[in-house]
Amino acid sequence: MRRTLVAGLAVAALALTACTTDTPSEQAPGGDGAEQEQTADGEWFVRANYEHQLAQRDMKPEGPADQPWLQAIEPKMADTTQFKQDGKTLCFSNASVSNPWRVTGWITMQQQVNVLKQSGDIGEFRVSDAADDDNQQISDIQAFVDAGDCNAIIISPSTTATLTPAVEAACASGVPVIVFDRGVNTDCMATFIHPIGGYAYGADAAEFLVDKLEPGSKVLALRILPGVDVLEHRWAAAQEIFGASDLELLGDEFTGGDGAQIKDIVTQYLQRGDVDGIWMDAGDGAVAAVEAFEDAGKDYPVMAGEDELSFMRKWKDTGMTAIAPVYSNFQWRTPILAAVQIWKGEQVPEEWVLPQSPITDKDRDDYLERNADMPSLHYAKFGGEDLPGFPEAWKDR
Amino acid sequence: MTATTTRPRLSRRLGSTELVYAALLGVLAIGAVLVAVRGGNLFGTANLVDMLTRSSLLGFVALGQTFVILCGSLDLSVGYVMALCSLIGATTMAGDPAKVPLGIAAVLVVAAGIGLLNGLIVSVLKVNPFIATLGMGLVIKGYLDTTYKGPAGEVPSSFQQFGYSRIGFLPVSTAVMLVAVVLGILYLRRTRTGYHMFAVGGSAEVARLSGIRTGRVVVMAHVLCAVAAGVAGLLVAARFGTGSALVYSSGYDLDSIAAVVLGGTLLMGGRGGIAGTLGGVLILAVLDTVFNILQVDPFFKDVLRGVVIIAAVAIYARRQIDRKASRPRFGNGPPPEPAPDPPVPVGQGADR
Amino acid sequence: MTATATRTAGARAVAGRLFGGGSATVFALLALVFVAILFLNPSFFEPPSLMAFAKKAAPLVILAVGQYLVIVCGELDLSVGSLVGAQVVIAAALIDGEESRTVPVLLVMLAFGVLVGLVNGLVVTVLKVHSLIATLGMMLVLYGAIRLWTGGAPTGALSDGFRQVGREGIDMPVLRQLPWALPVAVVVVVAGVALMRKPFGRTLITTGDNERAAAFAGVRVWRVRTVAFVLSSVLATLAGVLIGGYAGVTAQVGEGLEFTAITAVVLGGVVLGGGRGTVLAAMAGALTVEALFTLFNQLSLPSTVRPTVQGVIIIAAVAWAARERRRPFLPPQS
Amino acid sequence: MAVAPLTDTVLRMHGIEKSFLGVRVLHGVDLDLRAGEVHALMGENGAGKSTLMKVLAGVYQADAGSIELDGRPVAFAHPLEAQQAGVSTVFQEFNLLPERTIAENVFLGREPRRRGMVDADRMNADTAALLDGLGLDSLTPDRRVRTLSVAGQQIVEIVKALSYDARIISMDEPTAALADEEVELLYRLVGTLRDRGVAILYVSHRLKEIFDLADRVTVLKDGALVDTVAIGEITSDELVRKMVGRPITSFFPDKLGGTTAGDVRLRIAGGGNDQLDGIDLEVRAGEITALAGLQGSGRTEIAHALFGVARFTRGVVELDGRPVRLRSAREAVRAGLALVTEDRKAEGLALNQSVAANARLVLDAVLGGRGTKRIPGILSSLELSSRGGDQEVRFLSGGNQQKVVLAKWLATDPAVMVLDEPTRGIDVGAKQKVYTLMRELSAWGVAILMISSELQEVIGMADRVVVLRDGRIAGELPAGSDEESVMALATGQETA
């Protein structure tokens, strides 16, 4: 036992010696947090951003209409010649593949990489997965930076604010950094790729309910979990719109995206009275909500789900009044293409805002047909139909 | 008569802590070979830094968890304490370097308070620690979900150095963790309360009869555990630059228990130590790094971790059985077949 | 005075036999929660609402019975949550919407459940790994393996036949519909009660109390415990069938259920560490947990506050049930 | 009657009363201890010995009465207070931590400190000095208690008491788990302590020890003081009469009429494993065969090997002439064996379960629950006093607990019964019941193998005595042999 103690002391002593002999390495200073998107007390609603996103929905994106993943809204092109290089090692720090939306996107991304590998644009594609653990992802990013042989680092942050220092450190290493999906509170990266955003998503859904429901109708909001910015923005927008409407909000419940919980909660609300509309911040488990109405023998509600196929199929089968807001899944292709563009020194938008429009009953059947072979937890606007792996890669997961 | 016979010294020399470090060396060796086959070097600076960084956060949590497990208790609320403390630290500091000490103090006080509550619920109300700390975790979760709608607060860049800078290949956070580990070892080996933790975990009744205030010891262990989780929360804040409630879903509660047990500490308490826990944490960190370098599928990682944890603990258990077995008097004849179902379980059934 | 004392003592003995040890608390709590719900929303007690409650509560009751069997023999099963998830995903992937595959796939699931329980049990009994660690490992393995197999998100679809048990019921007057889940849960509980009265159940609880004495009496301790783990896994499989049937496939199915089930059992006064408690008490614990969720809903308690209230109630209830043990030790008197 | 108090009285307990739940357990008991005396405390189970000891130890607090230490009144609220006042107790169940060292156990709760830190060196040195003082320098203070034998652990308890400068040490049946040679060591230790002026309160059921060791004896009955007498003034018959209130003319019942040795039911030929070698043993129907020997000589190991708990790796076991391989307790039960284990609480009973559940355990475990209808009859024939089958066995006295264990095995209708220390730690009345039962079983044709450390019991009950030494059979003696010849074989003083 004494020996372990001595060993422990030795380690400590070693650390101290190292401290005196080794110059502490220069570190990137942490973020100054000047661009915090939300205020410190956790308020999620920023009116300017909200209005901007709502406006962006109606703007015409620039770029090829048949390749929405290359389109951009209001692009402000940035020069990337400083990053021009021959290196071909692409590193990707993924937050996780812990939900079907991310799984779908991840497959699309891999297929896109395969294409570019064959064309010789990408050499090695290195991935680390943080399993939704922010600290793990910070380590993952640090590992890429320390390894020193990444020619570009793509980051899909697991939480916005928390990854900021790590992303800044990555930027400081001189490697082009591409962030997509959720953002970070810095603009040091070469480009930040995302669809219009959470406000637009939440507004699409809420506006549809306001539009289709009689004044005084009752709406239930189902949410996955608190504290995630992209989801909180959706809810903030919905609250804004419902607040200005004549709809009665029965409540908002966290479900963890678990079908059994969703069904239970909706069933309980139905026991206590009618529910005319369902607003969801993400479509996971939407079918369970619909089934709750079926099993209770009630009329279908007006519903905002997501472009997840199980919901869209249910929507078609039942003929209910619904909308599928979209958080463009095809965005998973864009960072790969952007990396290659940056290596070539081509200009890319500083902030690459991808189009994001909901699926309505007009184009629903079209999307269902295109994705006819796809599994039920697949996302309709995945944007990989032109990739060589289609459809097997998405079908046989 | 057997009182005066001495057992072979070898079995005592190879304690479980040594075994843990032997396992760590084994994992390092296998990892190094696998990485080398892929043309890498596991002991390159980048990889070393990566391993050490990964060990720091879990290191703090597992360090604290060791105290409670040694006492025969358990803390499932550490993840929530971490999350809460990261938020309290970050919001108190609010980006002002002058408020760093205040933030640290606030965290330590809150964490100690939660530990105190845990300890009192376990020792005074006699609620099974599994349920007590699970319940406490829920209480904190509710508070977090209600109060913080997302990441909040801001950590000044000076404090972020705790999470990001390093001395040579040794990250500051890991260095602090190692210092904490040394202090923890000293605490267990050189203070009365430390001694008494082994006693309470070994047999609460014996400890009580020896005049040890078992309740206080358990409370102290829970306070230390919560404080360690609080420091982990500070590290989280330093690394995130802000406080985040979502840390609680990252599974540090069960991971820390796994690390402690992997470090050779008996889950029922009374035997083990922090040196072993550090070994357990390092094993998990090395596995993570190696899996990352080898680009192991994230889901396969979970499978491998599960298998490694079970296998390691099975090996410890096997040794425990061997050590308890009586010394053979007659060596001749065929060796006793390893019974597939030793009908009489080894160990003390009485304390269950 | 003496007569009153005797009568009280007699009544207490009867109650003690009925509810056993710390289990009285859970029945009181259950009654309290139901009264509160009744007060807030009398319509909850209309038959259709009750049936909906039964449908929702059935899986947890079944899981609690399984967990009870493991806890009462001195162990713990943390793998049930991910097993439920794994079974639903397996069902969806293998059935893939084909009605004809329902029965064969159910058999595959049963076999898989038995296999998982067998591995859990043998790792605990033969390799001597503490069950908390063994089943934690199994939880990780199942979580990872099932996603590795399906590429991260569930694929395929359940057939209508598969979903029948968890979702549908027998149409009848008054109740409107008797959900299949209710008789299934009742059968499980009755079978559980019956099992605990059988020699196997008695040896199970004795093993939890004193495994050495059990072993010396000819109990095959390893076998008894392994069977308990197998039963727990099989019941988790059944719960999976109900949950999958109730709500279909989602990626998060089963998450955290192990803790809910353990909480339910402990709330029922079953002592972690084994040797004490009854199946009925475990069932009451599960119903209490579900009733609490319902009560929160009726109270329109904000979603975020619920865990706090839940945590406080659990700690308080278990502390209340444990107050017996805080009294000074009473010496044996005969 | 009471002996006049002398000036060197260190402890005086006067009028001690104690009740539990309104049941009075001690009725105004008086007890005084003098420096340098061994004071025996006797009485049947339930007489109040343990309660009195625990009042002295500070485990319980007396409802009435006074305790004076050196003439000053004291009240111990906690065992620690008693210890600090110089009153230490060595309980039957040791209060030791198996995973900690001897020194850590000895100084548990008051580790010496230097500059706020525990001074492990001083702790070890002090422990070593205490061990040396008892002539036990072969024990090193840094040895883990787990690695010690029962006797060794008892030594640690005594050293612990001495480390408190104990002036009064009470011992609760200290020889219960010791083999005869270890008893010698204990006698030596008790002698050493007495010579140092320590007052020793010695609780035992064994008359021989009382007469070997004690200076005075106090007898309790039903919670009341019967008498305190100097040992030279009383015979063992008188002592027993004082305890039970009736003379026991013949402590060991005679063989019942019609008991005849029948066929060999159990035979071990050349049995051996890593603990045993060359075991040849026959047990006949209607015969009580005793296995004698020192602790660790292999007696219990034979029982375990027979019962499939350990195994014979060599040799043959035959039941009724047919070779059998018993690989588990279950197979042993199926073959008609029964084993009443040595350690009742750890190996014999599930204490939180009811009398009925314990009694039917073997039937449940092995025979699918068949035959449980007989259990109530068996329990009542054993005169079990309990509040009914639902009562949990932890609430029973040691004697009644042993009856439950016996009932459990009788229910299986065994052909061969192995009884390992069947009367350990039970009161005289229950002992008698066990002996009578053994005679009855014998008369019915059950073959009995009795393992015992009590030579009187071996001599008084056995038809044949097989003596073990170091895992081998040292010799066999016929009924009516004397204790000395058994001892000689067991210790190897003579070759048989």
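1. A quick definition before anything else: a crossover is right-handed if, with the strands pointing away from the viewer, the path from the first strand over the helix to the second runs clockwise. Strand 19, helix 16 (residues 428-444) and strand 20 of chain D make a β-α-β unit of that right-handed kind. Helices (H or I, at least four residues) and strands (E, at least two) are DSSP runs, numbered from the N terminus.

2. Some housekeeping. This is a predicted model, where local features need pLDDT of at least 70 and side-chain atom pairs count only at pLDDT 80 or more, while totals for chains, interfaces and linings use all residues. Residues are numbered from 1 along each chain as its sequence is written, and chains are lettered from A and ligands numbered from 1 in the order in which they are written.

3. Back to strand 20 of chain D (residues 447-451), which is mostly covered, with five of its five residues buried. Buried here asks for 20 or more other C-beta atoms within 10 Å of a residue's own, exposed for 12 or fewer, and partly exposed is in between, with C-beta atoms placed from the backbone. D:Ala447, D:Leu449 and D:Ile451 point one way from the strand, and D:Ile448 and D:Met450 point the other way.

4. Who are the neighbours of strand 20? Two strands pair if DSSP finds at least two bridges between them. Strand 19 (residues 416-420) of chain D runs parallel to strand 20 of chain D and is joined to it by five bridges; across that pairing, D:Leu419 stands opposite D:Met450. Strand 15 (residues 288-293) of chain D is also parallel to strand 20, with four bridges, and there D:Leu291 has D:Ile451 as its bridge partner.

5. Chain D also has an open sheet of four strands, in the order 2-1-4-5, with antiparallel pairing. Its edge strands are strand 2 (23-34) and strand 5 (72-74), each pairing on one side only. On average, neighbouring strands of this sheet are turned by 25 degrees against each other, direction ignored. For such angles, axes are lines fitted to C-alpha atoms, for helices over the stretch in contact, and angles run from 0 to 180 degrees between N-to-C directions. Strand 1 (residues 9-20) and strand 2 of chain D share eight bridges in the antiparallel sense, and D:Leu11 has D:Leu33 as its bridge partner in strand 2.

6. Two backbone spots in chain D are worth a click. D:Asp70 has phi near 55 degrees, a positive value in a residue other than glycine, and belongs to the loop between strand 4 (64-69) and strand 5 of chain D. With 13 other C-beta atoms within 10 Å, D:Asp70 is partly exposed. D:Asp320, not a glycine either, has a positive phi of about 50 degrees and is in the loop between strand 16 (314-319) and strand 17 (322-324) of chain D. D:Asp320 has 16 C-beta neighbours inside 10 Å and counts as partly exposed.

7. Over in chain A, have a look at strand 9 (residues 277-280). A:Gly277 and A:Trp279 point one way, A:Ile278 and A:Met280 the other way, and all are buried. Strand 7 (residues 218-223) of chain A pairs with strand 9 of chain A in the parallel sense over four bridges, with A:Trp279 as the bridge partner of A:Ala221. Strand 10 (residues 302-304) of chain A also runs parallel to strand 9, joined by three bridges, and A:Gly277 stands opposite A:Val302 there. The chain gets from strand 9 to strand 10 through helix 9 (residues 286-296) of chain A, in a right-handed β-α-β crossover.

8. One more for chain A: the peptide bond joining A:Phe390 and A:Pro391 is cis, with omega about 0 degrees. A:Pro391 is in the loop between helix 12 (364-370) and helix 13 (392-395) of chain A.

9. In chain C, the axes of helix 9 (residues 199-209) and helix 11 (residues 221-247) come within 10 Å and cross at roughly 105 degrees. That makes helix 9 and helix 11 of chain C roughly perpendicular to each other (angles under 35 degrees count as roughly parallel, over 145 as roughly antiparallel, 65 to 115 as roughly perpendicular and the rest as oblique).

10. Finally, 52 residues of chain C are in contact with 44 residues of chain B (contact: C-beta atoms, placed from the backbone, lie within 7 Å). Helix 6 of chain C gives the largest share of the side of chain C that touches chain B, 13 residues.

Technical notes
Two residues are in contact if their C-beta atoms, placed from the backbone, lie within 7 Å.
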